[in-house]
Amino acid sequence: MISIADKIATMWPEITLFIGTCIVMVLGLSSKLVMRKACSPVAGLSLIIAGLLALQNDDAVGVMPYLMPYAKALIAGVGLLLLMLLAGTVDRDQEMRIAGGAAFNPLSSTRAEFYAFFLFSLTGLMLCTGAEDLIWLFLALELTSLPTYIMVTISTSRSRGQEAGIKYFFLGALGAAIFLYGFALLYGGTGTTNLVEMQTQFAQGQINTIAMLGLILSVIGVSFKIAAVPMHFYTADVYQGAAAPVSAFLAFVPKAAGFFAIMLLVSTVGWNQGVAGGLPEPLHATLWMMAVATMTLGNVLALLQHSVKRMLAYSSIAHSGYMLVGVIAGPGETGSGSLGFVGNGLAAVLFYLFSYGVMNLGVFAVVACLEKTGDSGERVEAEQVGDLQGLIRTKPLLAVVLTICAFSLLGLPPMLGFFGKLPLFTSGIRAGEIPLVVILGLNSAIAAFYYLRLVKAAIIDEPAPNAEPLVSTPFGARTLAAGLSAAGVVVFIVLAGPVMRSSERAAVVRDVSALEVHDLADGQNAVPVAVND
Amino acid sequence: MILLGLILVPIVFALCVWALPESRAKVVAVIGSLVPLAMGVIAVVQFNWDMPEQFWLGKTITWLEPMGLELSVGVDSVSLFLILLTLLLGPICVLCSFTAIEHRLKTYYGWLLVLQGAMVGVFAARDLVFFYTCFEFTLVPMYVLINIYGSTNRKKAATKFFLYTFTGSVIALAGLVYVVWFSAKETGLWSLDIGVLATTARGMPLGQQTLVMTALLLGFAVKVPLFPFHTWLPLAHTEAPTAGSVILAGVLLKLGTYGIYRFVLGFTPLAVVEHAGVIAVLAIVGILYAGLICWVQTDVKKLVAYSSVSHLGFCVLGLVALNAAGINGAVLYMINHGLSTGALFLLIGMVYERYHTRSMKELGGLASKMPIWATFMVFFVMASVGLPGLNGFVSEFLTILGTFQASNAWSGLPGSTPGVLGPWFAAFAGVGMIIAAMYLLIMVGKVVFGPLVEPANHDDAHSKLPVDLNAREIGILLPLAGACLWLGVYPAPVLRTLEAPVQVTVDRFQMILAQKQADEGESVRVSVVPASAPEEEGETP
């Protein structure tokens with residue numbers, strides 16, 4: 001057990017982001033253009049520093065002691081790409097008016113809030129990874145989510161964005177209520193809010209019905225964040241309503257938060273509780289059904305979509321289902337009998353989060369880079385699959401990015417997505433979940449259908465003769481984000497080894513099997529001390 | 001190193017094609033397909049022909065260390081011959097497209113070269129995931145080729161092709177991963193080396209082997225295609241551009257039979273022995289059913305497409321005969337079918353370029369107008385039918401001989417080996433040969449001989465091509481014809497080198513079969529009394 005001062009020592013990345021947030025909030029309201037423009041570089045700089053700081057710290061904390069360095073570096077890295085992609089999302093009209101001679105009106109400017117909330121959300125996500133306590137976890141999850149509601153709402157000037165924001169907020173509140181209820185029951189069942197202490201109790205065999213119910217409710221509630229069935233209903237509408245860069249943000253940040261939270265919560269009971277090892281039966285059944293329903297429903301509904309954003313929304317649901325397979329499989333044995341990375345389901349999830357973060361962003365970036373003239377003359381996103389026809393002729397770079405990322409998302413070897421999916425396969429088989437792995441395989445095949453449609457529109461079809469010509473958005477950073485994510489998908493085919501190794505290390509779950517009874521007693525005594533500090 | 005070169009060189013040339021202007025695409029593609037062919041000749045020289053059952057020219061580079069993934073290559077004589085077939089068809093496919101493909105040349109030749117590299121990778125891979133990577137990646141170029149350059153129904157054909165084979169291979173992947181996991185559990189080492197995996201996989205109990213075999217077969221049977229998974233093939237073949245059909249028939253279908261040979265026979269021998277009969281029945285149904293379909297086709301290309309289903313049935317039948325004649329014949333069949341059916345697709349493509357139709361109703365008696373073309377057509381049809389003296393005969397005869405011999409019930413016959421097939425299977429397959437002769441000869445009779453029939457609105461002046469074949473087209477066909485003749489007249493050197501690796505597989509199966517025969521003999525004697533008792537009980541009420 002560590003003191004609060006030690007705890008703060010693990011939080012320098014979050015503190016950096018918070019400082020960045022404060023600076024951005026002031027900068028964004030400056031009347032000087034150059035100061036306002038400094039918002040995103042400052043945010044980027046704080047992300048880079050936070051990422052570097054995260055790699056420095058290697059203190060063992062909580063039930064997944066080494067999760068923080070990998071997870072925080074991952075958040076900083078993908079966050080940086082997201083930041084590039086978010087360029088120009090807000091205040092575009094106003095900046096154009098100012099360029100035309102109008103005065104800066106701080107009241108109608110949303111730039112400061114937008115970047116501040118962006119950083120806040122990432123701060124919350126980083127805090128999730130180091131959570132040791134239910135209260136902490138709850139606050140971190142809310143800090144991740146609350147800014148996203150506002151980001152969705154202000155991301156477009158259209159009413160659709162506001163509708164999406166409201167929907168997202170109310171359903172998010174429902175999800176939060178459910179997992180808060182679960183947390184309360186967990187506390188009721190164990191008498192503690194501390195995850196480490198909970199894990200110790202569970203390891204001694206004290207899992208009562210209330211605690212189990214609490215755990216299941218928590219997992220279901222948190223599954224709102226990962227958009228898993230049955231908490232997936234908001235996804236398509238919200239992704240479609242928000243501007244494409246914000247949708248990309250939603251597809252990664254809350255999902256990552258949800259998976260960190262689920263992994264931490266499930267780690268408390270561990271994977272050696274069931275009849276034949278594995279998760280305790282009620283939790284296993286819940287997760288199993290969730291995984292199957294999530295990947296199947298997500299993929300089938302994605303088949304029916306004509307809007308790229310809606311299709312990606314449903315496919316992001318399906319990807320959550322894939323990752324749940326890794327959660328069910330768990331870390332496997334440690335030590336000499338272990339298969340290492342390939343047998344470790346949690347490492348598979350962590351690595352998949354990385355590959356998903358990179359490749360999914362690429363597809364969203366392509367959508368964010370393209371505009372067409374809408375019915376009433378204003379610029380709208382070219383988000384229909386049909387709009388992408390013949391992209392290879394008009395915007396070859398974007399077409400190549402789309403092709404690489406879509407093939408990667410569908411898990412076609414040798415793209416990065418394949419090497420993300422393979423450990424889910426292997427760890428699932430290691431855990432004896434053969435039906436689940438077969439369902440995962442069949443779902444990959446269903447997914448091929450709609451990803452192929454994207455590729456076909458982009459590189460095979462000829463442009464429709466009377467189609468609106470597509471225009472690039474005037475933000476180089478978005479194209480850069482697209483290019484970088486496609487390059488990432490290709491480069492990490494060769495260089496993913498170190499990332500896999502660090503994800504394996506991050507997936508270590510605190511070992512309770514070796515604890516003697518008196519160690520456990522010590523651990524329990526230490527808790528009040530730590531809290532009183 | 002030369003094998004990795006064979007995979008990478010075409011891909012590098014493909015990048016060149018994409019980087020250079022459209023006018024250079026053809027030249028770069030020709031060089032990009034001829035260089036690997038030359039390298040293939042070097043590989044033949046470097047290969048150790050004294051021990052063709054071993055894997056030579058190997059090279060291993062660590063790829064993703066945490067997954068145990070390695071870029072590992074190596075070939076035995078079976079793989080080497082299939083690679084040579086691929087390399088030979090490469091320049092032919094490039095050359096046959098010069099006049100047929102008129103738009104988006106960069107895309108076309110680039111993907112054609114990428115496909116070339118991926119196919120060589122499948123045959124050369126010694127690492128399971130590397131194998132699977134190449135196996136799957138062949139889908140993308142083929143999908144693009146059919147989808148952009150095919151005929152009217154191309155989009156549906158391409159999508160069906162991709163989804164059908166992708167679904168099959170994902171299930172096969174589950175089976176392969178299971179084998180890897182089993183091997184890791186047994187040996188304590190996570191290895192993706194195909195040799196290591198094969199050794200441990202054979203130790204799996206029958207139940208698990210059956211599961212794995214089913215998964216693998218689902219993947220490979222789609223690719224072969226084995227009845228009833230063949231429905232994607234006629235569409236894809238018919239709609240594909242000529243070069244696409246040649247590669248599909250010549251090499252891509254062989255990925256399926258090669259997969260069965262290397263993985264199904266190599267990994268799960270117990271299950272194969274147990275279920276060889278079922279697979280053989282599927283193969284024979286395919287032979288007869290597809291043959292009958294061929295009979296009623298009016299589209300020449302569709303006819304040849306269905307004939308592939310029928311012919312590959314022989315190949316699978318030979319593989320599950322599990323004796324020397326059968327498997328040798330099947331491996332040789334892979335090469336022969338690639339040569340003769342590839343050539344038939346080329347010939348049909350040449351007519352299509354001139355007449356823009358493939359219908360037997362609109363074409364007839366072309367011998368009088370295109371004598372050179374007609375000569376080649378008759379030659380390759382004869383090779384395909386299995387005329388003694390040409391290549392098809394040797395392999396078809398061997399597969400049927402193998403099927404005939406592989407029977408426990410007829411063990412008194414000279415030359416018979418333990419097995420589950422036998423003369424009945426051979427008889428039905430033989431009927432398939434007769435049907436094949438019928439539909440192919442009817443087709444030749446209509447299209448080549450008889451009174452001249454041309455499409456109503458046909459006008460020679462519109463075509464840039466001469467009436468009969470030009471030098472380029474003859475040049476494409478001659479090497480194939482030469483290979484067909486050589487493998488027909490004097491197949492001994494090729495067969496001899498194929499025999500060694502095949503014999504290793506055959507010995508393993510013969511041992512299992514003999515063991516099984518002995519066991520069954522015992523169990524029959526033991527189970528006579530208990531088996532009869534419940535029967536009587538059942539009858540009394």
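This is a predicted model: local features need pLDDT of at least 70, side-chain atom pairs count only at pLDDT 80 or more; totals for chains, interfaces and linings use all residues.
The C-alpha trace of chain A extends over about 75 × 50 × 40 Å along its principal axes. Buried residues make up 61% of the 533 residues of chain A. Among the contacts in chain A that join residues at least 6 apart in sequence, 79% link residues at least 24 apart.

The strands of chain A were examined next. Strand β1 (residues 370–373) of chain A is joined to β3(A) by 2 bridges, the two strands running antiparallel. Within this pairing, A:Leu370 has A:Ser472 in β3(A) as its bridge partner.

A:Ala203 belongs to helix α10 (residues 195–203) of chain A. Because 20 C-beta neighbours lie inside 10 Å of A:Ala203, this residue counts as buried; the cut-off for burial is 20 or more. When residues up to four places away in sequence are left out, A:Ala203 touches A:Gly270 and A:Val512. By contrast, A:Leu47, which is 156 residues from A:Ala203 in sequence, lies 38 Å from A:Ala203 in space, C-alpha to C-alpha.

The contact between the two chains draws on 28 residues of chain A and 25 residues of chain B. On the side of chain A that touches chain B, at least two residues each are supplied by α19 (416–430), α20 (434–460) and α21 (476–506) of chain A. Helix α20(A) provides the largest share of that side, with 10 residues. By residue class, the side of chain A that touches chain B comprises 19 nonpolar, 5 polar and 4 charged residues.

In chain B, strands β1 (residues 56–64) and β2(B) pair in the antiparallel sense over 6 bridges. These strands, β1(B) and β2(B), form a hairpin with 4 residues between them, and B:Gly68 in the turn adopts a positive phi of about 70 degrees. Across the pair, B:Thr62 stands opposite B:Glu70 in β2(B). Strand β2 (residues 69–75) of chain B has 6 of its 7 residues buried and is therefore largely enclosed by the rest of the structure.

Helix packing in chain B was also characterised. Two packed helices are described by the angle between their axes and the distance between the axes. For helix α5 (residues 128–137) and helix α7 (residues 154–187) of chain B, the axes come within 11 Å and cross at roughly 175 degrees. Helices α5(B) and α7(B) are therefore roughly antiparallel to each other, given that angles over 145 degrees are classed in this way. The contact brings B:Leu128, B:Tyr132, B:Phe135 and B:Glu136 of α5(B) against B:Ser169, B:Leu173, B:Leu176 and B:Val180 of α7(B). The residues of this contact between α5(B) and α7(B) comprise 6 nonpolar, 1 polar and 1 charged.

How values were computed. Residues are numbered from 1 along each chain as its sequence is written. Chains are lettered from A and ligands numbered from 1 in the order in which they are written. Axes are lines fitted to C-alpha atoms, for helices over the stretch in contact, and angles run from 0 to 180 degrees between N-to-C directions. Angles under 35 degrees count as roughly parallel, over 145 as roughly antiparallel, 65 to 115 as roughly perpendicular and the rest as oblique. Two residues are in contact if their C-beta atoms, placed from the backbone, lie within 7 Å. Ala, Val, Leu, Ile, Met, Phe, Trp, Tyr, Cys and Pro count as nonpolar, Asp, Glu, Lys and Arg as charged, and the others, Gly among them, as polar. A residue is buried if 20 or more other C-beta atoms lie within 10 Å of its own, exposed if 12 or fewer, and partly exposed in between; C-beta atoms are placed from the backbone. Two strands pair if DSSP finds at least two bridges between them.
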